[in-house]
Amino acid sequence: MNRFRPENGEKAVVLVEFKPYFLAYKADETRWNYPISKVIPAWKTNDGRYISPLTGEEVSVTENSQERVLLRGMECVYPEGDHIILTRNSKGETFFMNVFDENGVRQAKGIGCITVKL
């Protein structure tokens with residue numbers, strides 16, 4: 001079940017997991033290439049858990065994981081073909097939404113794109 005809206009002050013983040021032998025790159029938040037084994041957008045709850053916006057399930061985190069800011073306008077492309085985007089409404093509230101409507105027509109355009117690696 002999708003969980004596109006935040007609950008109780010959750011914030012949108014992206015979890016990046018590094019291959020263990022590339023942990024030196026973990027401190028450099030500009031690195032988005034080969035050392036990364038997972039990239040997962042998530043809601044960060046107030047108690048430190050991470051929830052997938054696409055499935056609504058908790059995302060597991062390891063010591064090789066790093067939380068990074070997910071900017072509004074970033075389009076997240078899942079391996080199964082789902083596209084979601086982090087956006088906001090006229091009240092300034094941030095939420096996720098599907099990029100394509102039920103007819104397959106693009107209804108949102110992002111500023112950038114990340115490929116989700118599960």
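Reply: Happy to. Strands here are DSSP runs of E with at least two residues, and helices are runs of H or I with at least four, numbered from the N terminus. This is a predicted model, with local features requiring pLDDT of at least 70 and side-chain atom pairs pLDDT 80 or more, while totals for chains, interfaces and linings use all residues. Residues are numbered from 1 along each chain as its sequence is written, and side-chain values use heavy atoms, without hydrogens or water.

The part I'd pick is strand 1, together with the cavity beside it. Strand 1 covers residues 11-18. A search of the whole structure turns up one cavity of 30 Å³ or more (on a 1 Å grid over the protein atoms alone, a set of points where a 1.4 Å probe fits but cannot get out; lining residues have an atom within 4 Å of a point). The space in the largest cavity is about 50 Å³, counted as the space filled by probe spheres set on the points, which are joined across faces, edges and corners.

Which residues line the largest cavity? They are L15, V16, E17, K38, I40, V59, S60 and S65. Strand 1 makes the largest contribution to that lining, three residues. Strand 1 and strand 2, the latter spanning 36-44, are the elements that give two or more residues to it.

Four strands form an open sheet with antiparallel pairing, and their order is 3-2-1-4 (two strands pair if DSSP finds at least two bridges between them). Strand 3, residues 50-51, and strand 4, residues 65-69, are the edge strands, and each of them pairs on one side only. Strand 1 pairs with strand 2 in the antiparallel sense over eight bridges, and in that pairing V14 stands opposite P41. Towards strand 4, strand 1 again runs antiparallel, this time with five bridges. There V16, one of the residues that line the largest cavity, stands opposite Q66.

How many residues of strand 1 are buried? Seven of its eight residues are, so strand 1 is largely enclosed by the rest of the structure (buried is under 20% relative accessible area with a 1.4 Å probe and protein chains only; exposed is over 50%; partly exposed is in between). The C-alpha atoms of V39 and F18 are 9.3 Å apart, with the two residues 21 positions from each other along the chain.

Most residues other than glycine have a negative phi.

For context, here is the rest of the chain. The protein has zero helices and eight strands, giving the pattern β-β-β-β-β-β-β-β along the sequence. Of its 118 residues, 39% count as buried. Strand 5, residues 74-77, is covered on both faces: M74 and C76 are buried on one side, and E75 and V77 are buried on the other. Strand 5 and strand 8, residues 112-115, run parallel and are joined by four bridges, with C113 in strand 8 as the bridge partner of E75. With strand 6, residues 83-88, strand 5 runs antiparallel over three bridges, and C76 stands opposite I84. Five residues lie between the strands in the hairpin of strand 5 and strand 6, where G81 takes a positive phi near 105°.

Key
On a 1 Å grid over the protein atoms alone, a cavity is a set of points where a 1.4 Å probe fits but cannot get out, and a pocket is an open set with protein on both sides within 12 Å along at least five of seven lines; lining residues have an atom within 4 Å of a point.
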